[in-house]
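Biologist: I am new to this one. Can you show me the model and take my questions in turn?

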Amino acid sequence: HVDAEVLQPLPGGDLVADGLDLNRMLDELAGIDRFTGSAGARLNFLASGNSMAAWMSSLSGGGSISTGRGTIKGIDLDRVFRSGDVSGGTTIFDSTSASFAIAAGVLTNDDLKMTLASITAEGEGKVDLGRQSLDYLITPVALKDSEGRGIAIPVRIQGPWSSPRILPDLERAIQLNSDLDKAKLEQTAKDKLQQTLGVEQKDGESTEDAVKRSVEDELKNKLQKLFK
């Protein structure tokens, strides 16, 4: 058991640490300086090579990490989840937990849980430690709008650590919000069908499929407005 402020990179080991300075640990190990807070971590790893870059590219192993209250600079997840606004800011979170596996310098995780003031979020994706890039999806799982409806706007974070792209994942949002006003949209589509002798049907398309397509188009248009 190790109580430390930072884990020093080694060719291999099996470590347990509490009271870690999250900002310092991630900055020294991976060059990431967006996070603050205190963390506990378990890590087993093996690396080879004659430089830090070689170690990170060859790294294998696994572990877990958990934190208390902290921040993420450069993104306000609460604002992103609610409106799709990715124009910066700071996320304040109450706790996080995640386990991970590492192979050939690529960290894979599928069970991130983050608790914010009014949102619980889950995350999954990959972090390439050698190339210092990531492709990660964070999805809110407990979010209500002003009318009490659940709305989920997933956020995909891609690219280099130094300047990742942070974008709402519209296609994923449509999948997760398939029930959003669905009954109302279906009725609207049926009314329009009766009033105008139906939506324009494609070759081989049934009336039911045409209505369904109309509903999906309305839902997509409604979600797109969230990102403007």
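**Questions on the fold and its contacts**

Modeller: Thr67 is buried, at a relative accessible area of 12%; buried means under 20%, exposed over 50% and partly exposed in between, with a 1.4 Å probe and protein chains only. This is a predicted model, where local features need pLDDT of at least 70, side-chain atom pairs count only at pLDDT 80 or more, and totals for chains, interfaces and linings use all residues. Residues are numbered from 1 along each chain as its sequence is written, and side-chain values use heavy atoms, with hydrogens and water left out.

Biologist: In which strand does Thr67 lie?

Modeller: Helices (H or I, at least four residues) and strands (E, at least two) are DSSP runs, numbered from the N terminus. The protein has 6 helices and 10 strands. Thr67 lies in strand 4.

Biologist: With which side chain does the side chain of Thr67 make a polar contact?

Modeller: Contact means heavy atoms within 4.5 Å. Beyond its neighbours within four places in sequence, Thr67 touches several residues, including Leu22, Ser38, Phe93 and Thr96. A polar contact is a pair of N or O atoms within 3.5 Å; within protein, one must be able to donate a hydrogen and the other to accept it, and residues adjacent in sequence count only if both atoms are side-chain atoms. At 2.7 Å, the partner side chain is that of Thr96.

Biologist: How many salt bridges does the structure hold?

Modeller: Side chains of opposite charge can pair when their charged atoms come close. A salt bridge is a side-chain nitrogen of Lys or Arg within 4 Å of a carboxyl oxygen of Asp or Glu. The structure holds 4.

Biologist: How far apart are the closest N and O atoms of Asp94 and Arg69?

Modeller: Asp94 is partly exposed at 32% relative accessibility. Arg69 is exposed, at 57%. Their salt bridge has its closest N and O atoms apart by 2.8 Å.

Biologist: Why does the salt bridge of Asp94 and Arg69 tie together parts apart in sequence?

Modeller: The two form a salt bridge. Asp94 sits in strand 5 (residues 90–103) and Arg69 in strand 4 (residues 60–73), so the parts tied together are apart in sequence by 25 residues.

Biologist: How many residues apart are Asp135 and Arg156?

Modeller: These two form a salt bridge, with the closest N and O atoms 3.0 Å apart. The pair links distant parts of the chain: strand 8 (residues 133–140) holds Asp135, strand 9 (residues 155–160) holds Arg156, and the separation is 21 residues.

Biologist: Through how many residues does a hairpin join strand 9 to strand 10?

Modeller: Strand 9 and strand 10 (residues 165–168) run antiparallel, with 4 bridges between them. Gln158 stands opposite Arg165 in strand 10. The hairpin passes through 4 residues.

Biologist: What percentage of the residues in the protein is buried?

Modeller: The protein has 228 residues. Among its contacts with a separation of 6 or more, 45% come from residues 24 or more positions apart. The buried share is 37%.

Note on methods. Two strands pair if DSSP finds at least two bridges between them.
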